[in-house]
Amino acid sequence: MSTANLPIKKGESSSELIQLVSFNLGAEEYAVEVLKVREIIRMTPITHIPNTPPSVEGIINLRGKVIPIISLRNRFGMCSTDDDQHTRIMVMDIDGKLMGFIVDGVSEVIRIASGEIQPPPSIAAGGVDQDFICGVIKHGEQLLLMLQLDRMFTSAEQDAFSSFG
């Protein structure tokens, strides 16, 4: 994967600071650009919708807006777990639409130099289903997978989500 797919904007140098929100699913840590995150909320009752893909948990009403809720555990093929006091919904702007993503916990906001983002290994970058993994970051003793969640959905899925709200 070339560095052209990394979320570095024109005019940024490799020392440009990028802010990311890190979160976990099980033992794995992930990160997304802080500018995509609109808010992080505690779990709230979700209205389930029949005949939706397993990763679509349903919808919530957030201050008058209907927002689809996606389980990242299910989307990534991980086993489901019961929600606990750390479980959060990250409300994000995905191509101009608000969507909620259930995560096991939100860790912190981190700042890194854009030059610290390494391209994902070819095994991850080669799969169409993993095109949303845009980089790997060494943070302390841990590796964070940097995600671009707007790349996670097919155009048909995006069209289906546009019917909400």
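Me: What makes the 21 residues a nonpolar core, and which of them touch the most other members?

Reply: A nonpolar core is a set of buried Ala, Val, Leu, Ile, Met, Phe, Trp, Tyr and Cys residues joined through side-chain atoms within 4.5 Å, and buried means under 20% relative accessible area with a 1.4 Å probe, protein chains only. The largest such set has 21 residues, of which F23, V32, F101 and L149 touch the most other members. Two or more residues each come from β1 (17–25), β2 (28–33), β6 (88–94) and β7 (97–103). This is a predicted model, in which local features need pLDDT of at least 70 and side-chain atom pairs count only at pLDDT 80 or more, while totals for chains, interfaces and linings use all residues. Residues are numbered from 1 along each chain as its sequence is written, and side-chain values use heavy atoms, without hydrogens and water.

Me: Why is β2 called mostly covered?

Reply: Five of the six residues of β2 are buried, so the strand is described as mostly covered.

Me: How do you know that β1 and β2 pair?

Reply: Two strands pair if DSSP finds at least two bridges between them, strands being DSSP runs of E with at least two residues, numbered from the N terminus. Six bridges join β1 to β2, therefore these antiparallel strands are paired. V21 stands opposite V32 in β2.

Me: Why are β8 and β9 called edge strands?

Reply: The open sheet has the order β8-β1-β2-β10-β9. β8 (105–113) and β9 (133–139) each pair on one side only, so they form the edges.

Technical notes:
Helix = DSSP H or I, 4+ residues; strand = E, 2+ residues; numbered from the N terminus. Buried < 20%, exposed > 50% of the residue type's maximum accessible area, 1.4 Å probe, protein only.
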